[in-house]
Amino acid sequence: TEEVVPLLGVQEHPEACMWGLYQVISGLSFMHETNLVHGNVHPVSVWVTETGDWRLGGFEFTGSNTDTTGAVQMRRSSSKIYVEG
């Protein structure tokens with residue numbers, strides 16, 4: 001579990017944005033390789049760690065290619081989210 005803040009509240013340099021996009025795309029690629037669909041990709045579902053790494057959240061609509069009812073639970077604490085897993 002690590003503390004993260006919303007991407008929309010963070011100002012990043014262009015190089016950091018490229019690395020962050022790479023991290024999000026890598027996560028989506030892994031999901032697709034395992035037949036999972038995120039179903040909710042947008043700036044509000046991206047979070048930034050204290051070290052500047054980007055994490056994908058917003059898994060409310062995640063499911064398999066044939067079943068979109070699955071979900072991952074997250075705990076909210078004010079503007080911070082702790083991702084379990």
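Trainee: What is the relative accessible area of Glu3?

Mentor: This is a predicted model, where local features need pLDDT of at least 70, side-chain atom pairs count only at pLDDT 80 or more, and totals for chains, interfaces and linings use all residues. Residues are numbered from 1 along each chain as its sequence is written, and side-chain values use heavy atoms, leaving out hydrogens and water. Buried means under 20% relative accessible area, exposed over 50%, and partly exposed in between (1.4 Å probe, protein chains only). Glu3 falls in between, so it counts as partly exposed, with a relative accessible area of 29%.

Trainee: Where does Glu3 lie?

Mentor: Helices (H or I, at least four residues) and strands (E, at least two) are DSSP runs, numbered from the N terminus. By that naming, Glu3 lies in strand β1.

Trainee: How far apart in space are Glu3 and Trp47, C-alpha to C-alpha?

Mentor: Start with the sequence: Glu3 and Trp47 are 44 residues apart there. In space, the distance from C-alpha to C-alpha is 9.4 Å.

Trainee: What pattern does the protein follow along the sequence?

Mentor: Count the elements: one helix and seven strands. Read them in sequence order, and the pattern is β-α-β-β-β-β-β-β.

Trainee: What share of the protein's residues count as buried?

Mentor: The protein has 85 residues. The buried share is 26%.

Trainee: How far apart are the end C-alpha atoms of α1?

Mentor: The expected span of a helix is 1.5 Å times one less than its number of residues. With 20 residues, α1 should span 28 Å. The model agrees, with its end C-alpha atoms apart by 28 Å.

Trainee: What arc around the axis do the buried residues of α1 cover?

Mentor: The buried residues in α1 are Gly20, Gln23, Val24, Leu28 and Met31. They sit on the same side of α1, because they cover an arc (taken from the directions from the helix axis to the C-beta atoms) of only 130°.

Trainee: Which strands do those buried residues of α1 pack against?

Mentor: The other side of α1 holds exposed residues, including Met18, Ile25 and Phe30. The buried residues pack against β2 (36–37), β3 (46–49) and β4 (54–56).

Trainee: Which residues form the aromatic pair?

Mentor: Rings of Phe, Tyr and Trp (its six-membered ring) pair if their centres lie within 6.5 Å; planes under 30 degrees apart count as stacked, over 60 as edge-to-face and the rest as tilted. A search of the whole structure finds one aromatic pair. It is stacked, at 5.3 Å centre to centre with 25° between the planes, and joins Trp19 and Tyr22.

Trainee: How many residues apart are Trp19 and Tyr22?

Mentor: Both lie in helix α1 (residues 14–33). Their separation is about one turn of the helix, and the count of residues is three.

Trainee: Which residue forms a salt bridge with Arg55?

Mentor: Side chains of opposite charge can pair when their charged atoms come close. A salt bridge is a side-chain nitrogen of Lys or Arg within 4 Å of a carboxyl oxygen of Asp or Glu, and by this rule the count comes to one. With its closest N and O atoms 2.7 Å apart, the bridge joins Arg55 to Glu2.

Trainee: How many residues apart in sequence are the parts tied together by Arg55 and Glu2?

Mentor: Arg55 lies in strand β4, and Glu2 in the segment before β1 (3–6). So the pair ties together parts whose separation in sequence, in residues, is 53.

Trainee: Where is Asn35 placed, and what is its phi?

Mentor: Asn35 follows α1 and sits in the loop between α1 and β2. Its phi is positive, in a residue other than glycine, with a value near 65°.

Trainee: Is His38 buried or exposed?

Mentor: His38 lies in the loop between β2 and β3. Its contacts beyond four places in sequence include Leu28, Met31, Leu56 and Phe59. Its relative accessible area is 1%, so His38 counts as buried.

Trainee: What is the distance from the backbone oxygen of Gly57 to a polar atom of the His38 side chain?

Mentor: The side chain of His38 also reaches the backbone oxygen of Gly58, at 3.5 Å. For Gly57, the distance is 2.8 Å.

Key. Contact = heavy atoms within 4.5 Å. Polar contact = N/O pair within 3.5 Å; in protein donor to acceptor, adjacent residues only side chain to side chain.
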